[in-house]
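Biologist: I would like to learn how to read a model like this one. Where do we begin?

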Amino acid sequence: MARAAPLIPLGYGKFVRADRIYALVPLEGPNRGDGRRTLVHVEGIEEPLIASRSESAIARDLAVALGQSPPRGRHDGGIEGQEPLF
């Protein structure tokens, strides 16, 4: 029997299955504040979720949950096997 992917905490009491996250976008400037730190795009949900955790913290948890080595920093190549967007 296959096990469901682990849940990743986003903050604000929100959790998402690790295998459903497909993009993390850090918020900057006036969009950031009141605990808003990252937009999390999730398969099956039209609008991105707002997370109170940083992009790097979520990416580390995501890599560990998917059995990959966690990224070392914001510009260290990201998640293994994923092409950098910027």
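Modeller: With pairing: two strands pair if DSSP finds at least two bridges between them. Helices (H or I, at least four residues) and strands (E, at least two) are DSSP runs, numbered from the N terminus. Here strand 4 and strand 5 form a hairpin with six residues between them. In the turn, G44 has a positive phi of about 90°.

Biologist: What kind of model is it?

Modeller: It is a predicted model, in which local features need pLDDT of at least 70 and side-chain atom pairs count only at pLDDT 80 or more, while totals for chains, interfaces and linings use all residues. Residues are numbered from 1 along each chain as its sequence is written, and side-chain values use heavy atoms, with hydrogens and water left out.

Biologist: How many helices and strands are in the protein chain?

Modeller: The protein chain has one helix and five strands. Read from the N terminus, the order is β-β-β-β-β-α.

Biologist: Which strands make up the open sheet, and in what order?

Modeller: The open sheet has three strands in the order 3-4-5, with antiparallel pairing. Strand 3 and strand 5 are at the edges with a single partner strand each, so one side of each has no neighbour in the sheet. From one strand to the next, the twist averages 30°. For angles, axes are lines fitted to C-alpha atoms, for helices over the stretch in contact, and angles run from 0 to 180 degrees between N-to-C directions.

Biologist: Where does helix 1 pack?

Modeller: Contact means heavy atoms within 4.5 Å. Helix 1 (residues 55-65) packs on the sheet and touches strand 3, strand 4 and strand 5. The direction of helix 1 makes about 160° with that of strand 3.

Biologist: How many bridges join strand 3 to strand 4?

Modeller: Five bridges join strand 3 (residues 21-26) to strand 4, and V25 has L39 as its bridge partner in strand 4. Three bridges join strand 4 to strand 5 (residues 49-51). There, L39 stands opposite I50 and V40 stands opposite L49.

Biologist: Is strand 4 mostly covered or mostly uncovered?

Modeller: Buried means under 20% relative accessible area, exposed over 50%, and partly exposed in between (1.4 Å probe, protein chains only). In strand 4 (residues 38-42), four of the five residues are buried, and the strand is mostly covered. Across the 86 residues of the protein chain, 27% count as buried.
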